[in-house]
Amino acid sequence: MVTVGCDRNTALGYDREAQLDPAPTPAPIAPAPVALANVAPEVVKPETMSTADTAALGGREGRYAFRLTEVGFPAFLFEPGGSGAIKLNGTLIPVGAAGPGRFASGDLLVTTRSLDEEGSAGLQVMELVVVPPQAKDELGYRGYIKCYDGEAA
């Protein structure tokens, strides 16, 4: 005897509490003086941006991204000679052009420098230096640059 139609659970793996994860929300956007107020400079480190973060910044199309790994998400999204954004302390901080390879917001300084090296996946190596407000030392990172020419977020 065959019984049909007894199981009405359509969730994968018969998960009785299956639900979709809520859509990710982007980090708040604020200038450096607001985002880094009352934060010790020693704990400020660049964070990777989610897809929701890059979408909140207008997407990646036509921009460059500094990535800590060749396959990672952006930690710094920018337009050479234009503006950019970095995620620090859980906040997206827009930075304006302050010279070739230099970006600033308040007392926050971010610099980039392309190196004549290439990673395993063919991306150019880049240095990113972050100088938080009132920091005694700069923070230097070596990663990779990815151009999102014509690619949407």
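1. Let's start with E79, which is partly exposed, with a relative accessible area of 33%. Here buried means under 20% relative accessible area, exposed means over 50% and partly exposed is in between, using a 1.4 Å probe and protein chains only. The partner to look at is R63: it forms a salt bridge with E79, and the closest N and O atoms are 3.7 Å apart. R63 is buried, its relative accessible area being 16%. A salt bridge here is a side-chain nitrogen of Lys or Arg within 4 Å of a carboxyl oxygen of Asp or Glu.

2. A word on the basis of these remarks. This is a predicted model, in which local features need pLDDT of at least 70 and side-chain atom pairs count only at pLDDT 80 or more, while totals for chains, interfaces and linings use all residues. Residues are numbered from 1 along each chain as its sequence is written, and side-chain values use heavy atoms, with hydrogens and water left out.

3. Now the overall fold. A closed barrel of 8 strands runs β1-β2-β3-β4-β5-β6-β7-β8, with antiparallel pairing. On average, neighbouring strands of this sheet are turned by 35° against each other, direction ignored. For such angles, axes are lines fitted to C-alpha atoms (for helices over the stretch in contact), and angles run from 0 to 180 degrees between N-to-C directions. Helices (H or I, at least four residues) and strands (E, at least two) are DSSP runs, numbered from the N terminus. Two strands count as paired if DSSP finds at least two bridges between them.

4. β3 and strand β4 (residues 91-97) run antiparallel and are joined by 5 bridges. In this part of the sheet, L88 stands opposite T91 in β4.

5. How many salt bridges does the count come to? It comes to 4. One of them joins D53 to K87, whose closest N and O atoms are 2.8 Å apart. D53 sits in helix α2 (residues 51-56) and K87 in strand β3 (residues 84-88), so this pair ties together parts that are 34 residues apart in sequence. Are its two partners buried or exposed? D53 counts as buried at 0% relative accessibility, and K87 counts as buried at 12%.

6. Another salt bridge lies between R142 and E117, with 3.2 Å between the closest N and O atoms. The pair links distant parts of the chain, R142 in strand β8 and E117 in strand β6, 25 residues apart. R142 is partly exposed at 48% relative accessible area, and E117 is partly exposed at 38%.

7. Please also look at the aromatic rings. A search of the whole structure finds 4 aromatic pairs. Y64 and F78 form a stacked pair, 5.9 Å centre to centre with 25° between the planes. Y64 is partly exposed at 28% relative accessible area, whereas F78 is buried at 3%.

8. F76 and F103 have their ring centres 5.2 Å apart and their planes at 75°, so this pair is edge-to-face. With F76 in strand β2 and F103 in strand β5 (residues 102-105), the pair ties together parts 27 residues apart in sequence. F76 counts as buried at 0% relative accessibility, and F103 is buried at 2%. Ring pairs link Y64, F76, F78 and F103 into a cluster. The rule takes rings of Phe, Tyr and Trp (its six-membered ring) as a pair if their centres lie within 6.5 Å; planes under 30 degrees apart count as stacked, over 60 as edge-to-face and the rest as tilted.

9. Leaving aside neighbours within four places in sequence, T112 is in contact with F76, G101, F103, M126, E127 and L128. Contact means heavy atoms within 4.5 Å.

10. Finally, E138 lies in the loop between β7 (124-131) and β8 (139-147). E138 is exposed, at 54% relative accessible area. Not counting residues up to four places away in sequence, E138 touches V129, V130 and V131. E138 and E42 are 96 residues apart in sequence and 9.7 Å apart in space, C-alpha to C-alpha.
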